[in-house]
Amino acid sequence: MDDASILDKARNYVKQLQERVKELEHEAESNKICRNNSEISIDILPLVKAKVSKMEVLITIHCEKQNGVVLKILTQLEKLHLSVQSSSVLKLGKSTFGITIVAQVHTIFHINDLRV
């Protein structure tokens, strides 16, 4: 390679990095809330936690509010051979859901067989 092509490739790479930095800065700004002139960062969603007790699973999910999101979650749980015993969905703010699900493992499967 000659010097001109190396410099040209380096210049293009620096431009790509600058664009990526701008994207990340914009993304970081959208994850902040201003209250009383102070910034508060919010967690990136979705946040999923699961606890297992014998043949039952407690699942908590914090996610962005979307049409059909609860149905999608319940469908995925069925695919994992879990029967939903109870569930609740709470609206948190204008754009977030807090979902709690208690599910039972089908008796033909064992907890150790569940791999996500």
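Q: Where is the place of His81 in the chain?
A: In this predicted model, for which local features need pLDDT of at least 70, side-chain atom pairs count only at pLDDT 80 or more, and totals for chains, interfaces and linings use all residues, His81 lies in the loop between helix 2 and strand 5. Residues are numbered from 1 along each chain as its sequence is written, and side-chain values use heavy atoms, with hydrogens and water left out. Helices (H or I, at least four residues) and strands (E, at least two) are DSSP runs, numbered from the N terminus.

Q: Why is His81 called partly exposed?
A: Buried means under 20% relative accessible area and exposed over 50%, with partly exposed in between (1.4 Å probe, protein chains only). The relative accessibility of His81 is 32%, and therefore His81 counts as partly exposed.

Q: Which residues of helix 2 are buried?
A: In helix 2, which spans residues 69–79, Val69, Ile73 and Leu77 are buried.

Q: How do you know on which side of helix 2 they lie?
A: The arc is that of the directions from the helix axis to the C-beta atoms. These residues cover an arc of only 75 degrees around the axis, and therefore they are on the same side of helix 2. On the other side of helix 2, Leu71, Lys72, Glu78 and Lys79 are exposed.

Q: What covers the buried residues of helix 2?
A: The cover includes strand 4 (56–64), strand 5 (82–92) and strand 6 (96–105). Contact means heavy atoms within 4.5 Å, and Ile73, leaving aside its neighbours within four places in sequence, is in contact with Ile61, Ile99 and Ile101.

Q: What makes a set of residues a nonpolar core?
A: Such a core is a set of buried Ala, Val, Leu, Ile, Met, Phe, Trp, Tyr and Cys residues joined through side-chain atoms within 4.5 Å. The largest nonpolar core here has 13 residues, of which Ile73, Ile99 and Ile101 touch the most other members. Strand 4, helix 2 and strand 6 each supply at least two residues of this core, and the largest share, five residues, comes from strand 6.

Q: How many helices and strands does the chain have?
A: The chain has two helices and six strands, which follow the pattern α-β-β-β-β-α-β-β along the sequence.
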